[in-house]
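Here are my notes on the model, as numbered points.

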Amino acid sequence: MSEARAIAIDCDPGHDDAVALLLALAAPERLDIRAVTTVAGNVPLDRTERNARAIVELARRDDVAVYAGCERPWRRALVTAEHIVGATGLDGADLPPPTRPLAQGHAVDALAELLRQAPARSVTLCPLGPLTNIGALFSRGPELVARVREIVLMGGAIGIGNVTASAEFNIFADPHAASSVFAAGAPIVMVPLEATHQAIATPQRVRAFERLGTPVGRAIAGMLGRDSGRDLTRYGGSGVPLHDPCVIGYLLWPELFAGFAAHVAIETESELTMGRTIVDRWRSARPADNATVIDRVDAETLFSRMTATLARL
């Protein structure tokens, strides 16, 4: 078996972040998690860092350090999503408060040190929330960008957004940081709404998590069961999308995903379309490609493999 892929997960838990983290924590032979860093997003930073620590403890992975990062976007007011994830960010999971403290230091400092100490182009960054931390990291100089193997992120949309008509939440929450990341030159795999809206947690798939009979399975089912009360018309009424686990799924099983090369730019000026990801598949403006954009997911196989992997925790 090949050596485990070194990754750092930057997140804002959040229900789907929690499932993504648990999936990565369940596969240590495939994914070597060098750090979990947190950012304000779904809920403010004091809750995202607490939630990340609680999730790591749920998985019994005392070897994984959790760092707190940026508490607000670069240039805009903080936008959160308690109306989706609940006041705690993990409503429905019924997790006890974490006992392990945060790792010392700021998340951006930790990521910078990780990239400097690891072999060049060996660490994959996995942003699951707003790109504030990653933008701050790259602002320290191109030498850090050059050391990144790849960025695999959940964010953006080819077409219609989910927080506005134009924008997906993660990009909208800090469009200026997102713009800097897409312009930095690191290899990017973007998993947008068009892909994640295929990964629907149907009642049957949620019951499969619950049938695991483990604390992890019950926590996931509790979170997703709470989500089932939302307006599901935009998803065909069959369940809610699991956005962030698609990033980890892509790392574990890339054969389940397909997409295309394109140039992606971020709108940062217009309030009407702030945070829109402009995906220039046909190179109409003649820019160079800067991302692989995923638009197809084998959801049935993905959920089957996710459930089997999470059963290990």
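1. The sheet is open and has nine strands in the order β3-β2-β1-β4-β5-β6-β11-β9-β10, with mixed pairing. Strands are DSSP runs of E of at least two residues, helices are runs of H or I of at least four, and both are numbered from the N terminus. Two strands count as paired if DSSP finds at least two bridges between them. At the edges are β3 (66-68) and β10 (277-280), each pairing on one side only. From one strand to the next the twist averages 30 degrees; axes here are lines fitted to C-alpha atoms, for helices over the stretch in contact, and angles run from 0 to 180 degrees between N-to-C directions.

2. This is a predicted model, in which local features need pLDDT of at least 70 and side-chain atom pairs count only at pLDDT 80 or more, while totals for chains, interfaces and linings use all residues. Residues are numbered from 1 along each chain as its sequence is written, and side-chain values use heavy atoms, with hydrogens and water left out.

3. β1 and β4 run parallel and are joined by five bridges, with A8 having L125 of β4 as its partner. Three bridges join β4 (residues 123-127) to β5, again parallel. In β5, L125 is partnered by I151 and V123 by V148. β5 (residues 148-154) and β6 run parallel with four bridges, and I151 stands opposite I188 in β6. Two bridges then join β6 to β11 (residues 291-297), also parallel; there M190 stands opposite V293.

4. How are the residues of β4 placed? V123, L125 and P127 point one way, T124 and C126 point the other way, and all are buried. Buried means under 20% relative accessible area, exposed over 50%, and partly exposed in between, with a 1.4 Å probe and protein chains only. In β6 (residues 188-191), I188 and M190 point one way and V189 and V191 the other, and all are buried.

5. Helix α1 (residues 15-25) is mostly covered, with eleven of its eleven residues buried. Which residues touch the most other members of the largest nonpolar core? In this core of 62 residues they are I9, L22, I220, I248 and L302. α1 gives the most to the core, with eight residues. Apart from it lies another core, of 36 residues, among them V39, L115, F138 and A291. A nonpolar core is a set of buried Ala, Val, Leu, Ile, Met, Phe, Trp, Tyr and Cys residues joined through side-chain atoms within 4.5 Å. In soluble globular proteins, nonpolar side chains tend to be buried together.

6. I248 is in contact with I9, A20, L23, A24 and L31, leaving aside its neighbours within four places in sequence. Contact means heavy atoms within 4.5 Å. Helix α4 (residues 107-117) lies across β1 (5-11), β2 (31-38), β3, β4 and β5, and runs at about 150 degrees to β2.

7. There is one cavity of 30 Å³ or more, and the largest cavity holds about 30 Å³ of space. Its lining is made up of V39, A40, C70, R72, P73, L78, P130, T132, A173 and D174. On a 1 Å grid over the protein atoms alone, a cavity is a set of points where a 1.4 Å probe fits but cannot get out, and lining residues have an atom within 4 Å of a point. Grid points are joined across faces, edges and corners, and the volume is the space filled by probe spheres set on the points.

8. Some backbone details deserve a look. Most residues other than glycine have a negative phi, and most peptide bonds are trans. The peptide bond from P13 to G14 is cis, with omega near -15 degrees, and G14 is found in the loop between β1 and α1. D94, in the loop between α3 (82-85) and α4, is not a glycine but has a positive phi of about 55 degrees. D94 is exposed, at 73% relative accessibility.

9. The loop between β10 and β11 holds R283 and S284. R283 is not a glycine, yet has a positive phi of about 55 degrees; R283 is partly exposed, with a relative accessible area of 38%. Is S284 buried or exposed? S284 counts as exposed because its relative accessible area is 66%. From S284 to H263 the C-alpha to C-alpha separation is 9.7 Å in space, and the two are 21 residues apart in sequence.

Definitions and conventions: 1 Å grid on protein atoms, 1.4 Å probe; cavity = no way out; pocket = protein on both sides within 12 Å on 5 of 7 lines; lining within 4 Å.
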